[in-house]
Amino acid sequence: MGNDWHPAGSSLCLTCRSQVIVSPVPDNSASTRRLREKRGSGTQTRTLSNGADAAAGSRVKVVGQVERVDGRSLTYLEFVDRFMKPNLPVVLTGLTSSWRSSEDWTLSGLDDRHRPNLAFFAQNFPSPLVQVADCSSREFTDQKRLEMSMQEFIDHWVRNSCTGLSNGDCEASALLYLKDWHFVKEYPDYVAYTTPTFFADDWLNMYLDSHPMHRDPDNANHNNEINCADYRFVYMGAKGTWTPLHADVFRSYSWSANVCGRKLWLFLEPSQSHLIFDRNLRSSVYDINDDVSEKQFPEFNKAEWLECIQEQNEIIFVPSGWYHQVHNLEDTISINHNWFNAYNLQSVWNLLHDDYKVAKEYIEDIRDISDDFEGLCQRNLAANTGMNLYDFFIFLTRLQVILFLKKTNCAYSSIYNSERLQRSQKTDSSRHAG
Ligand SMILES: O=C(O)CCC(=O)C(=O)O
Ligand SMILES: [Fe+2]
């Protein structure tokens, strides 16, 4: 969809994963409490987290479950033919048994179910600043983001944990969800997991290991160029934390592995995306379990959802452009990557092209008085979508070189680094000479 638009100047983190919408909308979401599930003739309701009931009127029509396949008996070509090429979700089992994260990051609990080893995180990964979503406050099209240290986040989690309290009397306090933590970048020497072969053809993170996706000329930090952010994340949240309805950044694929805990996913296929938008195709539903206004979103009730409960050690493949909403049904840690490759590059281009048209329309009224209208469009496009048309063409050009060198077994990053070194030495010596 090309409707993911923030007004220029909004502070979208370029490596946040969700690509969400548009102009400010009033915060009318009473966050998720109850999922109404209509099957056949009856409507079932299911409690998702502690708290009040969802207002009547919300209807989530679940028409099927996501397929589950044992990843150990699936070949790469089968994965491509059955899921990646046709752009269909799947849950893969049996792929995480050797991961260090499964061992270090969890404590064993009842019935072989593990729970997060929070003390391990506080001790071993004392990140000074992590991004945390406050699941009960909406800010534009996403949850309100806060920054805090890992220790503060863990302290909050422990203080508010219901585990072990017989009266269920939890402190009424914000449900905080650590999201988009660039774990691999921050702790490159700690190998928490290996990317399963099915998801290894990843042009996005391969590129970002040596280049930034977008460089704002007003804000360039050339010295730091090599430390470009990536789309490899860890998510950690207590039972009840959740992620609002969205499609992923750049219309990338994502994969998400539960190191421990369980998640409920609701998926909507791309051909139905228009059903969750308002009449002007400007804003989309934030929380599908909310009392979605029929007046604002007249077609919402027609949407047909696929559901999946993802267990510990299972990996879900999220195809391009599928809207999804996610709820942690237990205290959960997951590893999530976004990526694209030849199979979904067309979707990335379609999104960029659509967003470019929206960017232009948005400032059409100042075209005549702008010195550099096209430049402004590209700047806004990058601010809202994470890259602009120039970034995309540069990406494609460099990518060909990277893929060629990879094929011929040359280490691209060492060539790139030595070039950079030579360039900076030249700049240094001319600076000294001057
Ligand atoms: O686990 C979550 O809360 C959200 C994950 C997600 O949206 C994704 O992996 O694409
Ligand atoms: Fe997502």
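# A guided tour, starting at the ligand

The shell around ligand 1 divides into 3 nonpolar, 6 polar and 3 charged residues. Here Ala, Val, Leu, Ile, Met, Phe, Trp, Tyr, Cys and Pro count as nonpolar, Asp, Glu, Lys and Arg as charged, and the others, Gly among them, as polar.

Before you click further: this is a predicted model, where local features need pLDDT of at least 70, side-chain atom pairs count only at pLDDT 80 or more, and totals for chains, interfaces and linings use all residues. Residues are numbered from 1 along each chain as its sequence is written, while chains are lettered from A and ligands numbered from 1 in the order in which they are written.

**Stop 1: ligand 1.** Select Thr243, Ser254, Ser256, Val326 and Asn336. Of the 12 residues around ligand 1, these come nearest. A residue is near a molecule or strand if its C-beta atom, placed from the backbone, lies within 6 Å of it. Now colour four strands: β13 (242-248), β14 (253-260), β18 (323-328) and β19 (332-339). Each supplies at least two residues of the shell around ligand 1.

**Stop 2: the whole chain.** Zoom out. The chain has 10 helices and 19 strands. Helices (H or I, at least four residues) and strands (E, at least two) are DSSP runs, numbered from the N terminus. Of the 434 residues, 39% are buried. A residue is buried if 20 or more other C-beta atoms lie within 10 Å of its own, exposed if 12 or fewer, and partly exposed in between, with C-beta atoms placed from the backbone.

**Stop 3: the core.** Select Phe153, Leu178, Val234, Ile276, Ile316 and Phe317. They have the most contacts inside the largest nonpolar core, which has 89 residues. This core draws at least three residues from each of domain 1 (18-342) and domain 2 (348-433). Those bounds come from an automatic or database domain assignment. A nonpolar core is a set of buried Ala, Val, Leu, Ile, Met, Phe, Trp, Tyr and Cys residues joined through C-beta atoms within 7 Å.

Stay on Phe317. Which residues does Phe317 contact, leaving aside its neighbours within four places in sequence? They are Phe83, Pro89, Val90, Leu92, Tyr253 and Trp255. Two residues are in contact if their C-beta atoms, placed from the backbone, lie within 7 Å.

**Stop 4: two positive phi angles.** Most residues other than glycine have a negative phi. Select Asn87, in the loop between α1 (76-84) and β6 (90-93). Its phi is positive, about 60°. Asn87 counts as partly exposed because it has 17 C-beta neighbours inside 10 Å.

Next, select Asp180 in strand β11 (residues 176-181). Phi of Asp180 is also positive, near 55°. Is Asp180 buried or exposed? Asp180 is buried, because 21 other C-beta atoms lie within 10 Å.

**Stop 5: Thr195.** Look in the loop between α5 (183-186) and α6 (203-208). Thr195 has 16 other C-beta atoms within 10 Å, so it is partly exposed. Beyond its neighbours within four places in sequence, Thr195 is in contact with Ala200 and His337.

**Stop 6: confidence.** Colour by pLDDT, the predictor's confidence in each residue, from 0 to 100. The chain averages 83, and 76% of the residues score at least 70. Over residues 164-168 the pLDDT is below 50, and this stretch has 2 contacts beyond near neighbours in sequence. Finish at residues 428-434: pLDDT stays under 50 there, with 0 contacts beyond four places in sequence.
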